[in-house]
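Please keep the sequence and the model at hand while reading.

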Amino acid sequence: MTTPTTTFKIGDLIFIVPGVHDKMLPSNRTGVIVGFPPQGQSLGTEIIVWNILFTNGEILKFHQRWMARVYNE
């Protein structure tokens, strides 16, 4: 299950929401946050763009509005 959130941290398991397209994005759309871009795209003190390591081994940048945290119920 996923839930939209604006508070992420390194190590979070995330899902890229439907409707977002990138040729390097795996079909399961699942990855782990591994950091943030060096230019530090943020809104005040809140990081808004993250580097995501996906299940296909690719590291891609995504804005948090396209991300949802994956969690266990």
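Two strands are taken to pair if DSSP finds at least two bridges between them, where strands (E, at least two residues) and helices (H or I, at least four residues) are DSSP runs numbered from the N terminus. With that in place, G31 stands opposite F54 in β6. The model is predicted, so that local features need pLDDT of at least 70 and side-chain atom pairs count only at pLDDT 80 or more, while totals for chains, interfaces and linings use all residues. Residues are numbered from 1 along each chain as its sequence is written, and side-chain values use heavy atoms, with hydrogens and water left out.

**Overall make-up**

- The secondary structure of the protein chain comes to 0 helices and 8 strands, which gives the pattern β-β-β-β-β-β-β-β along the sequence.
- Of the 73 residues of the protein chain, 33% count as buried, where buried means under 20% relative accessible area, exposed means over 50%, and partly exposed lies in between (1.4 Å probe, protein chains only).
- Among contacts (heavy atoms within 4.5 Å) with a separation of 6 or more, 49% are accounted for by residues 24 or more positions apart.

**Strand pairing**

- Strand β2 (residues 13-16) is joined by 3 bridges to strand β3 (residues 30-35), with the two running antiparallel, and I14 stands opposite G31 in β3.
- A further pairing joins β2 to strand β8 (residues 67-70) by 3 bridges, again antiparallel, and here F15 stands opposite A68.
- The C-alpha atoms of A68 and F15 are separated by 5.2 Å, although these residues are 53 apart along the chain; A68 itself is buried, with a relative accessible area of 3%.
- Strand β6 (residues 49-54) is antiparallel to β3, to which 4 bridges join it, and antiparallel also to β7, with 5 bridges between them.
- In the pairing of β6 with β7, N51 stands opposite K61, and the hairpin of these strands has 4 residues between them, with G57 taking a positive phi near 90°.

- Leaving aside its neighbours within four places in sequence, M67 is in contact with F8, I14, F15, I16, V17, I33, W50, I52 and F62.

**Surface**

- Strand β6 is mostly covered, as 5 of its 6 residues are buried, yet L53, which lies in this strand, is partly exposed, with a relative accessible area of 34%.
- V34, L53 and I59 make a nonpolar surface patch of about 240 Å²; patches are made of residues with over 30% relative accessible area and no salt bridge, in which nonpolar side chains (Val, Leu, Ile, Met, Phe, Trp, Tyr) are joined within 5 Å and like charges within 9 Å.
- A salt bridge is a side-chain nitrogen of Lys or Arg within 4 Å of a carboxyl oxygen of Asp or Glu.
- The protein chain exposes about 4700 Å², of which carbon and sulfur atoms supply 57%; accessible areas come from the Shrake-Rupley method with a 1.4 Å probe, and for residues only the protein chains shown count as cover.
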